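Here is a short briefing on one protein model. Please keep the sequence and the structure in view while reading.

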Amino acid sequence: MKDYYPSCKALITNLKLTNQEFRIYQYLCSQYNLRKHEPYVRIVNIAGFFQISIATVKEILSRLAELEQDQKKLLTVNFN
């Protein structure tokens, strides 16, 4: 995640992100902690912010975690 900008058009076109996936990715970027090089966001907060179910958030985060751009993972997810 630290290797990409939140508004990078290549992420949408190359990875074929849906609108909702890209919006959640942008939200994660806005919550990014520069010292730890990771966003720290609760799934409940994402679901509330976008008014979608927790199951949908987990599904989207799982899909984003599987994607790679230039042989780099887009993000890593910890559901604990």
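Lysine 16 is exposed, at a relative accessible area of 64%. Exposed means over 50% relative accessible area, buried under 20%, and partly exposed in between, with a 1.4 Å probe and protein chains only. The model is a predicted one: local features need pLDDT of at least 70, side-chain atom pairs count only at pLDDT 80 or more, and totals for chains, interfaces and linings use all residues. Residues are numbered from 1 along each chain as its sequence is written, and side-chain values use heavy atoms, with hydrogens and water left out.

**Positive phi in loops**

- Most residues other than glycine have a negative phi.
- Lysine 16 is not a glycine, yet its phi is positive, at about 55°.
- Lysine 16 sits in the loop between α1 (9-15) and α2.
- Glutamine 51 also has a positive phi, near 55°, and is a residue other than glycine.
- Glutamine 51 belongs to the loop between α3 and α4 (54-66).
- Glutamine 51 counts as exposed, because its relative accessibility is 72%.

**Overall build**

- The protein has 4 helices and 4 strands. Both are DSSP runs numbered from the N terminus: helices are H or I with at least four residues, strands E with at least two.
- Along the sequence the pattern reads α-α-β-β-α-α-β-β.
- The protein has 80 residues, and 35% of them count as buried.
- The accessible surface comes to about 5,700 Å², and carbon and sulfur atoms hold 47% of it. Areas come from the Shrake-Rupley method with a 1.4 Å probe; for residues, only the protein chains shown count as cover.
- Of the contacts between residues at least 6 apart in sequence, 47% join residues at least 24 apart. A contact means heavy atoms within 4.5 Å.

**Helices α2 and α3**

- Two packed helices are described by the angle between their axes and the distance between the axes.
- The axes of α2 and α3 come within 11 Å and cross at roughly 125°. Axes are lines fitted to C-alpha atoms, for helices over the stretch in contact, with angles from 0 to 180 degrees between N-to-C directions.
- α2 and α3 are therefore oblique to each other. Under 35 degrees counts as roughly parallel, over 145 as roughly antiparallel, 65 to 115 as roughly perpendicular, and the rest as oblique.
- On the α2 side, Arg23, Ile24, Tyr27 and Leu28 make the contact; on the α3 side, Asn45, Ile46, Phe49 and Phe50 do.

**Aromatic pairs**

- Rings of Phe, Tyr and Trp (its six-membered ring) pair if their centres lie within 6.5 Å; planes under 30 degrees apart are stacked, over 60 edge-to-face, and the rest tilted.
- The count by this rule is 3 aromatic pairs.
- Tyrosine 27 and phenylalanine 49 are stacked, because their ring centres are 4.6 Å apart and their planes lie at 25°.
- This pair links distant parts of the chain, 22 residues apart: tyrosine 27 is in α2 (residues 19-30), phenylalanine 49 in α3 (residues 43-50).
- Tyrosine 27 is buried at 13% relative accessibility, whereas phenylalanine 49 is exposed at 53%.
- Tyrosine 27 also pairs edge-to-face with phenylalanine 50, at 5.7 Å centre to centre and 80° between the planes.
- Tyrosine 27 is in α2 and phenylalanine 50 in α3, so this pair ties together parts 23 residues apart in sequence.
- Tyrosine 27 and phenylalanine 50 are both buried.
- Ring pairs join Tyr27, Phe49 and Phe50 into a cluster.

**Cysteine 29**

- Cysteine 29 lies in helix α2 and is buried, at 17% relative accessibility.
- Cysteine 29 and tyrosine 40 are 9.9 Å apart, C-alpha to C-alpha, and 11 residues apart in sequence.
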